[in-house]
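Look at the sequence and the model first, then read the points below.

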Amino acid sequence: MIGSVRGSVIDRSAKGDVLIETSSGVGYRVMVTARTLGSLVGLGDQQTFLHVHTHVREDALLLFGFPTREERITFELLISTHGVGPALALAILSAHTPSSLRIAVASEDGDALTLVPGVGKKTAARLLIELKSKFEGADLDLPAVLVTAAAAPGDTAEGDNRNDVRAALAELGYNAEEVRSVVRRLPTSGDTAMLLRQALVLLADGAR
């Protein structure tokens, strides 16, 4: 089983796969999310490291690559869910980070899941139920502020909620200007989980 791959990206396609050539000269064709594909700038310019899930079918052995351990684990949780295959799992992780997906599940935000192409309201409702227990038992190293916001929305004063959103976005890796810009567009009232979901949607729309 292949657990990771490091090398130079020498080819990529709009279908979402990249060809990574290792130092030994062996090239691995790896499927990635749209977010990861967009982050791979240029070909052969720099070394790329991906955590890999090896998916075995009767007719093929497929590799799926992720920039973080949390994303790989989330992918594996998704494909262990009834009705979710690798293609849909990649689509979900193209629309949501592991953190934002966990927030959506914990706060029972089915609308966030219907943002994913191919996920309707019935599928979203089922995924919320099935993923909730899977996330609770998962070995995911997510920022504590995100877990708190998802598990206990509305337990802080409204004046503190936008500060919590700022902290959560910073922990997700957004820069100061992105955080300032999106927080200015949020309503002045609402619980932390709701405001954070709105911020992530605005940031995702801005990246398209």
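Strand S1 (residues 4–12) pairs with strand S4 (residues 47–56) in the antiparallel sense, over five bridges. Strands are DSSP runs of E with at least two residues, helices are runs of H or I with at least four, and both are numbered from the N terminus. Two strands count as paired if DSSP finds at least two bridges between them. This is a predicted model, in which local features need pLDDT of at least 70 and side-chain atom pairs count only at pLDDT 80 or more, while totals for chains, interfaces and linings use all residues. Residues are numbered from 1 along each chain as its sequence is written, and side-chain values use heavy atoms, with hydrogens and water left out.

**Strands**
- Ser8 stands opposite Gln47 in S4.
- S4 and strand S5 (residues 61–66) run antiparallel and are joined by six bridges.
- Leu61 in S5 is the bridge partner of Val56.
- Four residues lie between S4 and S5, which form a hairpin.

**Second largest pocket**
- The second largest pocket holds about 170 Å³ of space (the space filled by probe spheres set on grid points, joined across faces, edges and corners).
- Its lining has 14 residues, and those closest to the centre are Lys15, Gly16, Met31, Val32 and Leu90.
- A pocket is an open set of points on a 1 Å grid over the protein atoms alone, where a 1.4 Å probe fits, with protein on both sides within 12 Å along at least five of seven lines; lining residues have an atom within 4 Å of a point.
- Helix H1 (34–39) and helix H3 (86–95) each supply at least two lining residues, and H3 gives the most, with five.
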